[in-house]
Amino acid sequence: MSDYTAVITGGNKGIGADLAQAMRGRGWHVVSLARHRSGAEGIEEVTADLTDPRAVAHAAAEIAARHKVTHLVHNAGIILPNLIEDARVEEMQTLTQLHLGAALQLLQAFLPAMKERGFGRVLFNGSRAALGAKTRTSYSASKAGMIGMARTWALELAPHGITVNVVAPGPVLTDNFWGIVPKGSDAESDLATRLPVGRLGTVGDITRAFMFFAEPEAGFVTGQTLYVCGGASIGGVPI
């Protein structure tokens with residue numbers, strides 16, 4: 001059993017839940033911070049609405065009081081798709097808090113322990129949509145913001161042995177994806193054929209990328225964005 005403690009936002013389902021089990025399998029203590037509990041065996045669960053700064057502050061303080069967190073994975077996210085005419089400022093504010101503000105609050109709470117130890121891993125679940133995607137005004141803006149924030153944090157924290165990186169998935173078979181593209185639909189099959197690799201992603205694909213960055217041996221990689229998207233970031237594939 002190692003003495004690493006990982007906090008995963010949205011660790012109750014999808015990519016977050018798969019990653020939680022992978023980290024648990026390494027002997028790390030895992031805390032899922034999400035709106036709902038999953039009941040997953042061996043995972044400590046804390047509930048909070050990450051779109052509410054006060055709720056995030058309370059949860060962050062609670063976790064920091066109990067654990068010296070070594071890994072922060074900001075995985076939680078929602079899409080809120082809309083064409084420009086229907087996009088609302090309120091949606092952008094919600095996603096800015098969820099995707100960026102919550103991450104800042106959590107890192108501020110966990111950073112003293114990381115600096116004291118001289119080690120930390122901070123990871124973001126970004127998106128290929130950071131490069132642009134129709135109906136993603138608020139989502140792509142906040143996900144692109146993750147990349148800039150991660151690069152800034154990487155520069156500030158590198159002297160302390162803390163790395164900061166982004167995993168940017170393409171279309172992955174999760175509830176978020178199926179909320180946009182119906183499960184088992186022709187649209188889903190068509191999208192798979194338009195990706196260079198000819199298939200959609202799985203949660204395992206993304207977990208493996210996260211685990212690379214999370215390893216203690218990955219200390220020479222920081223400020224990077226890894227697109228795990230089946231080639232969508234380099235091909236002319238509209239998504």
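In which loop is Thr135 found? Select Thr135 and you land between β5 (120–125) and α4; helices (H or I, at least four residues) and strands (E, at least two) are DSSP runs, numbered from the N terminus. This is a predicted model, where local features need pLDDT of at least 70, side-chain atom pairs count only at pLDDT 80 or more, and totals for chains, interfaces and linings use all residues. Residues are numbered from 1 along each chain as its sequence is written, and side-chain values use heavy atoms, with hydrogens and water left out.

Stay on Thr135 for a moment. Its phi is near 70 degrees, a positive value in a residue other than glycine. With 26% relative accessibility, Thr135 counts as partly exposed (buried is under 20% relative accessible area, exposed over 50%, partly exposed in between, with a 1.4 Å probe and protein chains only).

Now jump to Leu80, in the loop between β4 (71–74) and α3.

Next, select residues 89–117, which is helix α3. Its 29 residues reach 40 Å from first C-alpha to last, close to the 42 Å expected at 1.5 Å a residue (the expected span is 1.5 Å times one less than the number of residues). Look for the bend of about 45 degrees at Phe110, with Pro112 following within four residues; the bend is the angle between axes fitted to the seven residues ending there and the seven starting there. After α3 comes Gly118, whose phi is positive, near 75 degrees.

On to the largest pocket: show Gly77, Ile78, Ile79, Thr174 and Asn176, which lie nearest its centre among 45 lining residues. A pocket here is an open set of points on a 1 Å grid over the protein atoms alone, where a 1.4 Å probe fits, with protein on both sides within 12 Å along at least five of seven lines; lining residues have an atom within 4 Å of a point.

Finally, zoom out. The protein chain has seven helices and seven strands. Its radius of gyration (over C-alpha atoms) is 17 Å, close to the 18 Å that the globule rule gives for 239 residues, so the chain is as compact as a globular protein of that length; the rule is 2.2 Å times the number of residues to the power 0.38.
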